[in-house]
Amino acid sequence: MRLSSIASIPFALLCIALSLHAGAAVTAKEPTVTVIHGDRKQSFTVPQLEARLKSETVRFFNPYYEKVKSFEGFALGSLMKELFPAESAKAGGWKVEFLALDDYRSVTPLQKLFEPGGYLIFRDNDRPQWEEMKKHKVSPGPFAVMWTGKEQLWKDGYPWPWQIKVIRLVREQ
C-alpha cells in the first residue's frame with residue numbers, strides 16, 4: 001500500500017463522520033404525544049395525526065403572548081372523537097389529563113373539550129420555531145392546548161396546558 005493511500009484514510013473517515021452527523025441533523029426526532037386510555041398506550045407524531053385529522057390554522061389574541069398570533073392545530077372535539085370514539089359519544093363521566101414535560105398535570109372534563117374554540121396546537125405559524133411565551137419565558141411546544149374565544153381563559157375554567165407529552169383519559173371519581 002502506498003503512503004499517500006494510507007494518509008487519505010483519516011480524511012475519508014472524517015468525511016464519513018461529517019456526512020453521518022449532517023444526516024442526523026436532517027432526521028431529527030419528530031415530537032410525539034402519547035395517548036393513554038386504560039392499558040392502551042400509543043404515541044403519535046404530527047404527520048400521523050394529520051393522516052387521521054384535518055389540522056386548522058387559527059389566529060387569535062393569545063394572552064400568554066399578549067398579542068395576536070397564528071397557530072396550526074387540531075380542534076379538540078375532533079381530536080377527542082378520533083382518539084376516544086366510544087367515550088366521546090357519552091362524554092359525561094370522563095376526564096382528560098394533560099401531562100407536561102415538567103410533569104405538570106392539567107385535568108378537565110372530557111365534555112369541556114367539545115366546546116368550539118379549543119385546539120391542540122402543534123405549530124407556531126409566525127416563526128420557524130416556537131416563540132417563548134412572554135410572561136413564562138418558555139416555549140409552549142411541542143403541543144399546547146389553546147382556546148380562541150375571548151372568554152375561554154384559564155380563570156374561567158378552560159385548560160391552557162403547554163409542553164404536553166401525554167393525553168390520558170380517566171374515569172371521573
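What follows is a conversation about the labels and the values behind them.

Mentor: Happy to! This is a predicted model, so local features need pLDDT of at least 70 and side-chain atom pairs count only at pLDDT 80 or more, while totals for chains, interfaces and linings use all residues. Residues are numbered from 1 along each chain as its sequence is written, and side-chain values use heavy atoms, with hydrogens and water left out.

Trainee: What makes up the chain, in helices and strands?

Mentor: The chain has 4 helices and 9 strands. Helices (H or I, at least four residues) and strands (E, at least two) are DSSP runs, numbered from the N terminus. Along the sequence the pattern reads α-β-β-α-β-β-α-α-β-β-β-β-β.

Trainee: Why is Ser88 called buried?

Mentor: Buried means under 20% relative accessible area, exposed over 50%, and partly exposed in between (1.4 Å probe, protein chains only). Ser88 has a relative accessible area of 13%, so Ser88 is buried. This residue lies in helix α4, residues 85–89. Across the chain of 173 residues, buried ones make up 42%.

Trainee: And what makes Gln173 exposed?

Mentor: The relative accessible area of Gln173 is 94%, so the exposed label applies. Gln173 sits in the segment after β9.

Trainee: How do you know that the side chain of Ser88 has a polar contact with the backbone oxygen of Met80?

Mentor: A polar contact is a pair of N or O atoms within 3.5 Å; within protein, one must be able to donate a hydrogen and the other to accept it, and residues adjacent in sequence count only if both atoms are side-chain atoms. A polar atom of the Ser88 side chain lies 3.1 Å from the backbone oxygen of Met80. Contact in general means heavy atoms within 4.5 Å. Leaving aside neighbours within four places in sequence, Ser88 is in contact with Met80, Lys81, Leu110 and Phe114.

Trainee: Which backbone oxygen does the side chain of Gln163 reach?

Mentor: That of Ser139, at 3.0 Å. Gln163 is found in the loop between β8 and β9, and with a relative accessible area of 16% Gln163 is buried. Beyond four places in sequence, the residues that Gln163 touches include Leu99, Val138, Pro140 and Phe143.

Trainee: What makes a group of residues a nonpolar core?

Mentor: A nonpolar core is a set of buried Ala, Val, Leu, Ile, Met, Phe, Trp, Tyr and Cys residues joined through side-chain atoms within 4.5 Å. The largest one here has 40 residues, and Leu79, Met80, Val96, Leu120, Trp160, Ile164 and Ile167 have the most contacts inside it. Among the residues touched by Leu120, not counting those up to four places away, are Phe74, Leu79, Val145 and Ile167. In soluble globular proteins, nonpolar side chains tend to be buried together.

Trainee: Why is the pair of Tyr64 and Trp160 called edge-to-face?

Mentor: Rings of Phe, Tyr and Trp (its six-membered ring) pair if their centres lie within 6.5 Å; planes under 30 degrees apart count as stacked, over 60 as edge-to-face and the rest as tilted. By this rule the count comes to 9 aromatic pairs. The rings of Tyr64 and Trp160 have centres 5.6 Å apart and planes at 80°, so this pair is edge-to-face. The pair links distant parts of the chain, 96 residues apart: Tyr64 is in the loop between β3 and β4, and Trp160 in the loop between β8 and β9. Tyr64 counts as buried at 10% relative accessibility, and Trp160 does at 5%. Trp147 and Tyr158 also form an edge-to-face pair, 4.9 Å centre to centre with 65° between the planes.

Trainee: How do you know that Lys112 lies over the face of Tyr158?

Mentor: A charge sits over a ring if NZ of Lys or CZ of Arg is within 6 Å of the ring centre and within 35 degrees of the ring normal. Lys112 lies over the face of Tyr158 at 4.0 Å from the ring centre. Lys69 lies over the face of Tyr65, at 4.8 Å.

Trainee: Last one: what makes β1 and β2 a pair of strands?

Mentor: Two strands pair if DSSP finds at least two bridges between them. Here 6 bridges join β1 (residues 32–37) to β2 (residues 40–45), and the strands run antiparallel. They form a hairpin with 2 residues between them, and Gly38 in the turn has a positive phi of about 60°. Strands β7 and β8 pair in the antiparallel sense too, over 4 bridges.
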